Number of protein chains: 2
Amino acid sequence: MLTQDIRNSFIDIADLNQLKSDLNDLQPVDAGEYITQLPKQKRAIAFRLLNKHHAIDVFEYLPPEVQEDLINYLHDIQVAQIVEAMSPDERAELFDELPAGVVKRLLHSLSPEQRHATATILGYAEGTAGRVMTTEYVRLREGLTVGEALCKIRRQDEDKETIYYAYVTDDNRTLVSVVSLRQLIFTFPDVLIKDVASDRVIKVKTETPQEEVARLMKRYDLIALPVVDREERLVGIITIDDVIDILEEEATEDIQKLAGVSGGDEQALSPPQVTIRKRLPWLLGNIALYIGAASAISPFQTVISQVPVLAIIMPILANSSGNVAFQVLSVTVRGLGVGEVTPKDTMLLLRKEILAGLGTAVALGFALGALSLIWSPPHERWVSVVAAMVMIVNVLLAATLGTLLPMGLTRLNLDPALISGPLMTTTLDAVGFLTFLSMISAALRIFG
Amino acid sequence: MLTQDIRNSFIDIADLNQLKSDLNDLQPVDAGEYITQLPKQKRAIAFRLLNKHHAIDVFEYLPPEVQEDLINYLHDIQVAQIVEAMSPDERAELFDELPAGVVKRLLHSLSPEQRHATATILGYAEGTAGRVMTTEYVRLREGLTVGEALCKIRRQDEDKETIYYAYVTDDNRTLVSVVSLRQLIFTFPDVLIKDVASDRVIKVKTETPQEEVARLMKRYDLIALPVVDREERLVGIITIDDVIDILEEEATEDIQKLAGVSGGDEQALSPPQVTIRKRLPWLLGNIALYIGAASAISPFQTVISQVPVLAIIMPILANSSGNVAFQVLSVTVRGLGVGEVTPKDTMLLLRKEILAGLGTAVALGFALGALSLIWSPPHERWVSVVAAMVMIVNVLLAATLGTLLPMGLTRLNLDPALISGPLMTTTLDAVGFLTFLSMISAALRIFG
């Protein structure tokens with residue numbers, strides 16, 4: 001809202017003093033959004049108007065391509081200051097996007113401590129805890145008292161990402177226990193840390209997938225989660241704001257993969273060529289699949305010319321079982337995604353889907369049968385019975401596959417959303433048409 | 001994992017002492033899960049083994065139906081203690097589920113302060129900030145020093161949901177500014193609160209929708225957000241753990257609504273009758289829609305018996321444009337859901353989707369044309385040209401509607417996910433078949 005006003009009134013960067021005061025009054029994310037939507041050559045001008053501390057905060061909220069752009073425009077000293085002050089996880093994300101030469105120069109300008117932190121994070125694979133963690137956390141020794149711990153926290157750099165938890169380690173940096181700032185505040189200063197800290201620490205390894213990180217933090221209502229290496233030494237923490245981004249990303253992927261977008265991470269405003277690349281393979285793949293189905297149907301052309309009502313019934317059959325497949329898939333994949341069900345609930349879920357599927361199948365079969373009865377000429381009324389039967393079988397098949405396939409993929413440690421809706425609908429079409437046409441042609445041979 | 005072990009070894013509640021120590025060692029959410037999966041009559045036994053403080057925490061993690069069950073089994077005094085200690089927002093959620101008589105009795109047993117808090121929350125509509133907020137927050141007066149504020153925070157009930165932010169109010173309880181515990185810790189004790197607190201407070205009204213709450217907290221990386229009434233008086237705060245639940249819920253709704261599950265909040269393990277109720281209306285509605293389409297196709301039965309290859313081409317046409325519709329819808333609806341695009345980006349998005357759609361349409365049209373060429377008998381090869389053309393038009397229509405419909409609904413303040421995939425595919429089928437068959441029958445009249 002604020003951004004909107006600014007956008008309208010200052011698009012010309014007419015009055016620099018006014019803009020400076022406005023920009024410095026904005027929340028970092030809003031100032032970042034304002035700068036991002038400026039024309040390229042004006043971004044550096046606007047960015048230079050920010051006070052030093054504000055500039056560092058705003059920079060973290062800029063998209064990587066704008067950050068890269070600014071790095072080319074700003075003085076090296078200013079760039080060095082900003083990059084030094086970034087949190088190590090944000091910095092790693094930026095370095096991922098920059099050309100290798102620029103990264104090398106920037107790494108060189110960092111303090112040894114920050115260089116080490118960045119190198120550590122960049123050493124872990126994308127999508128793991130090691131990659132999303134920050135190395136700025138509060139670490140305490142076991143022997144301290146609560147009062148000493150609070151003093152130590154006060155003396156720490158104010159930049160630590162969260163001071164709301166402190167992690168207690170032994171002499172080998174092994175994570176021993178955790179204590180919240182809340183507990184420290186509520187405890188008398190001369191109590192020993194080890195007497196308040198909890199040794200039931202929920203932690204992850206550096207290689208833990210980010211979805212598992214998000215699941216744990218959500219389950220245990222944590223605002224920070226410690227990350228340890230293979231020797232159980234504390235190497236970083238993951239904060240709640242990163243987890244929210246991870247959860248949103250995962251949900252977007254689930255939705256898009258189900259709908260047949262490869263990789264499932266298309267942005268709404270991606271360029272058209274990216275969109276085509278993410279969507280066309282699935283569509284063409286489906287047509288290829290259909291060739292198999294259609295070649296199987298092709299011999300039935302004479303049947304169709306004998307009973308043309310089939311051409312009306314078949315699309316309804318395909319449409320309905322496809323819809324059921326999408327419904328079942330969306331509920332199963334999402335249930336797996338939020339951890340509501342796991343592969344060990346397969347039989348439970350299958351039982352429910354078959355029961356619900358039976359009700360649905362009978363209702364849809366009845367509806368299609370009735371419609372076929374109306375549309376068929378009098379001597380072909382028997383077609384409606386076959387249509388109803390095939391509808392029932394196909395809907396039950398949709399319910400069964402929609403449950404079993406995602407569950408099976410999860411059991412194989414694959415992504416359940418790989419079974420996209422399009423793949424399911426094509427398969428169901430093929431099976432449904434073949435069954436239907438075979439039955440009709442058999443009936444024609446027997447009764448015709 | 002822990003829960004799994006416990007589940008296997010203690011399912012008989014054989015050794016109560018061992019179970020007691022194990023249950024009290026578990027995280028509240030894990031203990032809650034263990035109790036939930038016990039047979040009804042054993043839940044109260046297991047719950048009574050929990051230490052008093054732990055029992056209160058565990059109770060908040062139980063599903064409402066298990067809470068209700070326990071309330072009937074436990075002694076009134078124990079129930080009163082637990083309900084009194086629940087956070088007001090969790091308590092409101094429980095009261096929503098309980099029979100009115102039980103709620104009345106429980107409200108009566110509460111302290112006046114907690115009764116008031118609960119009544120306040122229950123007074124707001126579901127899905128608003130007022131309903132998800134808690135009334136347990138730290139409030140400071142403007143005149144305090146940092147030292148006094150820290151003392152006051154220490155003297156507060158340890159149960160405040162978050163002490164990481166304190167809210168500064170004037171004599172009318174009007175929200176004036178906010179200060180983080182972090183700032184208090186890093187500031188000298190004799191500094192005045194008003195000199196450290198920030199008066200750029202991000203806040204919401206009690207009637208703000210929960211999605212907007214989630215959007216703001218995500219955007220500004222907040223771990224708590226203050227809620228004010230119409231007179232700008234502070235009435236509660238919303239904490240980050242509630243926001244994560246809201247975001248997940250919204251994503252689940254988006255996915256399921258797109259796939260045609262009414263209301264979009266079906267649980268994977270809902271009973272079959274709930275499932276049927278949520279899914280069947282859409283499916284039957286679609287068949288009803290199809291009646292219109294099919295009645296329009298019905299007169300073309302003679303065309304189909306003349307050119308039976310149409311019965312093979314039509315399902316591919318329907319399948320492909322339906323798939324494109326699902327892809328476009330999923331990207332648009334999700335983009336709107338996470339705030340990546342807004343209705344004012346409609347033209348931008350449409351331009352991209354039409355450009356991408358053109359590429360996709362030509363590729364799919366070419367593929368279908370080529371296939372039709374193979375399947376058609378020599379004298380009907382011209383059908384493949386019509387098939388390719390209709391495919392191109394239908395895919396472009398899918399891209400256009402998939403963008404414009406969700407955008408239009410959002411502009412009308414309706415839920416963009418109301419345009420479910422099934423509705424779109426049925427519409428596209430109808431338009432596609434009609435166009436296709438009309439063109440074929442016109443061609444037959446002209447050339448045939």
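The legends below describe close-up views of a predicted model.

View 1. The unreviewed UniProt entry lists residues 280-297, 354-376, 382-405 and 426-447 of chain A under "transmembrane region". In the model, residues 354-376 of chain A are 96% helix and 0% strand, with end C-alpha atoms 31 Å apart, while residues 382-405 of chain A are 100% helix and 0% strand, with end C-alpha atoms 34 Å apart.

**View 2. Packing of helices α19 and α22 in chain A.** Helix α19 (residues 310-337) and helix α22 (residues 421-447) of chain A pack at an angle of about 140°, their axes lying 9 Å apart, and their crossing is right-handed. Among the contacting residues are A:Leu317, A:Ala318 and A:Phe326 of α19(A), and A:Leu428, A:Phe433 and A:Leu437 of α22(A). By class, this contact comprises 15 nonpolar, 5 polar and 1 charged residues.

**View 3. The largest cavity.** Of the 6 cavities of 30 Å³ or more, the largest holds about 200 Å³ of space. Its lining has 18 residues, and those nearest the centre of the cavity are A:Ala318, A:Asn319, B:Ala318, B:Asn319 and B:Thr425. Helices α19 and α22 of chain A, together with α19 (310-337) and α22 (421-447) of chain B, each give two or more residues to this lining, which divides into 8 nonpolar, 8 polar and 2 charged residues.

**View 4. The second largest cavity.** About 70 Å³ of space lies in the second largest cavity, which is lined by residues including A:Ile255, A:Phe326 and A:Ser330 from chain A and B:Ile255, B:Phe326 and B:Ser330 from chain B. At least two lining residues come from each of α16 (240-258) and α19 of chain A and α16 (240-258) and α19 of chain B. This lining has 8 nonpolar, 2 polar and no charged residues.

Technical notes
Residues numbered from 1 in each chain as written. Chains lettered and ligands numbered in written order. Predicted model: local features only at pLDDT ≥ 70, side-chain atom pairs only at ≥ 80, totals over all residues. Heavy atoms only, no water. UniProt positions renumbered as here; feature names shortened; annotations may be inferred. Helix = DSSP H or I, 4+ residues; strand = E, 2+ residues; numbered from the N terminus. Axes fitted to C-alpha atoms, helices over the stretch in contact; angles between N-to-C directions. Left-handed = near helix turned anticlockwise from the far one by under 90°. Contact = heavy atoms within 4.5 Å. Nonpolar A, V, L, I, M, F, W, Y, C, P; charged D, E, K, R; others polar. 1 Å grid on protein atoms, 1.4 Å probe; cavity = no way out; pocket = protein on both sides within 12 Å on 5 of 7 lines; lining within 4 Å. Points joined across faces, edges and corners; volume = space filled by probe spheres on them.
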